[in-house]
Amino acid sequence: MKQIAVISGKGGTGKSTLVASLSQIVNNKMTADCDVDAPNLHLLLEEKDQQKWDYSGAKEARINYDLCIKCGICKDVCRFGAITEDIVINNLKCEGCNACVVACPQDAMYLEEVNTGWTSVSTTENGTFAHALLDTGAEGSGKLVTEVRKKIVPFENGEEWLIIDGSPGIGCSVIASITGTDAVIAVTEPTKSGLSDLKRVLDLAKHFSIPAFVCINKFDLNMDITNEMEKYCVEKGFMVVGKIPFDPLIVKALQEYKTPVDTGDQEFIDEINSLWNKVTEYLSQ
Amino acid sequence: MKIAVLSGKGGTGKTTVSASLKSSIENCQYIDCDVEEPNGGIFLQPEISNVYPVMVKVPEIIKDKCTGCGECAKACQFNSMAVVKGNVLIFPELCHHCGACILACPEDAMIEVERQIGVVETNSDESFMHGKLNVGEPISIPIIAMLKDMVKDDGNVVIDCPPGSSCTVVESVEDCDFCILVTEPTPFGLHDLNIAVELVKKLGLSFGIVLNKASENSKIINEYCDDRNIDILMEIPFSRKIAEAYSKGILPIEADADLKKEFGEMFRKIEGKVLA
Ligand code: SF4
Ligand code: SF4
Ligand code: SF4
Ligand code: SF4
């Protein structure tokens with residue numbers, strides 16, 4: 001099974017719409033929503049036979065006050081400001097790093113695993129689907145992304161593809177979304193900020209030696225920047241595999257929980273098919 | 001007054017709103033905490049005159065002293081150390097700079113060395129600041145922390161937060177007086193807004209909503225807000241013209257004087273709420 005991650009420097013470039021549409025068009029695939037901060041794909045899918053797992057991706061320090069002598073050493077070694085003057089742990093700030101536990105002369109501290117979200121795998125009309133949700137404000141989104149990918153793989157039943165809806169940005173959760181994939185598709189839009197974000201995600205793919213393709217959404221919004229993007233891609237050796245026009249109808253469809261594939265937008269469907277063919281052709285070489 | 005602008009997801013117009021708000025308030029500092037993809041500068045066009053490296057401390061082994069006991073790796077919670085056959089391996093990208101390994105080493109065989117993970121850049125009077133995470137680095141919190149340290153205590157500050165709702169957002173909104181949640185009227189927008197609302201409530205911060213790309217479909221957001229008694233501070237209409245201006249790096253308030261007035265009014269509204 002080959003894994004393809006769809007990413008974008010930022011959300012809102014149409015990444016989830018593209019993944020949802022791909023999941024309707026591509027046969028023989030599984031889909032994983034790895035945007036664990038704000039997963040959206042499940043809104044468009046009807047899930048059946050959902051299996052759900054609690055996820056404990058973080059640890060927090062705890063104090064056994066019977067042993068504590070209030071020496072304050074823990075507070076002094078904590079680099080995250082998570083222990084107050086009166087030796088109380090601020091859970092939102094604690095990174096579970098263990099420094100205080102190691103330093104406490106009274107052995108009064110320990111780390112406890114905490115539940116920070118969940119993962120799930122379910123069956124949908126479009127194949128097996130995994131997603132997850134990180135508790136608001138929690139640490140470790142990267143680890144949860146890794147967990148979603150780990151959870152869905154054993155469900156493989158001869159599928160050829162795993163399509164991953166990646167997280168925005170270039171930090172830990174994106175790195176976790178693309179590590180070990182066979183290719184990434186970077187979705188962007190022709191805006192100045194889109195261009196700057198695109199360069200950074202393409203750099204990231206290159207950094208990890210993963211082949212990257214580009215899809216320009218709303219390409220006709222600003223032809224100058226679209227041309228600049230295409231030129232940039234040619235220079236740097238990235239293939240632009242798709243260009244989707246600005247179409248308020250796509251937003252309208254979404255408002256009714258529908259993808260452009262559902263509404264039968266033929267131009268869009270053709271473009272997505274051609275995009276997918278270009279990527280798979282490259283990968284089969 | 002410190003105002004944080006966030007959204008469950010990027011792409012809802014968070015940067016447009018923060019940059020527009022900054023430009024509608026006099027003597028306002030703008031801080032772009034979206035250090036993975038900083039975009040505020042594209043709109044505000046600051047002249048960068050100071051570049052500060054953001055350094056973190058990572059452990060290094062003094063080989064002569066190390067006995068290979070493995071206590072350091074046992075203490076590390078982030079898999080950034082391994083002891084294999086008496087040799088200590090360090091993976092600096094994964095390090096959270098916590099110092100636990102050093103505290104754990106019985107031989108005093110470790111020191112900390114500095115390592116750069118990105119930069120903070122400012123214009124000459126520091127009315128504009130942003131951070132940039134180096135590509136390939138997973139951990140951005142220290143850059144956000146440095147930006148937050150440079151916040152001016154007296155005047156007004158607008159903080160453009162990273163997308164999502166995880167630890168980076170928590171770090172960015174900390175100590176703010178008010179949060180603006182930017183959303184758009186789609187099911188995705190509503191879903192992510194709900195997550196952002198949960199976050200700010202959990203942190204006990206006051207907040208209000210800016211509805212971007214408002215259209216005849218705004219109902220789904222309006223109903224959500226009505227049900228929960230959440231204030232919609234302002235609506236920005238959905239228009240191709242605004243989208244085109246945005247694509248060129250032009251703020252909607254530059255194309256539309258009324259909108260600029262509305263941003264000013266929103267600021268006063270927020271001021272009223274915070275001071276009340
Ligand atoms: S280091 Fe241990 S004994 Fe000292 S204040 Fe902290 S918990 Fe209490
Ligand atoms: S585990 Fe680390 S972050 Fe948490 S309180 Fe202890 S030293 Fe601070
Ligand atoms: S400083 Fe903390 S995260 Fe870094 S290697 Fe040491 S224990 Fe691990
Ligand atoms: S704890 Fe100190 S002595 Fe033991 S392996 Fe680590 S560095 Fe070496």
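A salt bridge here is a side-chain nitrogen of Lys or Arg within 4 Å of a carboxyl oxygen of Asp or Glu. Keep that cut-off handy, and keep in mind that this is a predicted model.

Start by selecting A:Arg62 and A:Glu60: their side chains form a salt bridge, N to O at 3.3 Å. Color by accessibility and A:Glu60 comes out buried, because its relative accessibility is 14%, under the 20% cut-off.

Staying in chain A, pick A:Lys15, A:Asp35 and A:Asp165 together; salt bridges tie these residues into a network.

Now hop over to chain B and select B:Glu121 and B:Lys132, whose side chains meet in a salt bridge with an N to O distance of 3.7 Å. This pair connects distant parts of the chain: B:Glu121 sits in strand S6 (residues 110-123) and B:Lys132 in strand S7 (residues 128-133), eleven residues apart.

Next, show helix H9 of chain B (residues 240-247), which holds both B:Arg240 and B:Glu244, four residues apart, or about one turn of the helix. Their side chains make a salt bridge at 3.0 Å, N to O. B:Arg240 is partly exposed at 33% relative accessibility, and B:Glu244 is partly exposed as well, at 27%.

Last stop: ligand 4. Select its shell and you get 13 residues, the closest being B:Cys66, B:Cys69, B:Gly70, B:Cys72 and B:Cys105. By type, the shell splits into eight nonpolar, three polar and two charged residues.

Conventions. Residues numbered from 1 in each chain as written. Chains lettered and ligands numbered in written order. Predicted model: local features only at pLDDT ≥ 70, side-chain atom pairs only at ≥ 80, totals over all residues. Heavy atoms only, no water. Near = heavy atom within 4 Å. Nonpolar A, V, L, I, M, F, W, Y, C, P; charged D, E, K, R; others polar. Buried < 20%, exposed > 50% of the residue type's maximum accessible area, 1.4 Å probe, protein only. Helix = DSSP H or I, 4+ residues; strand = E, 2+ residues; numbered from the N terminus.
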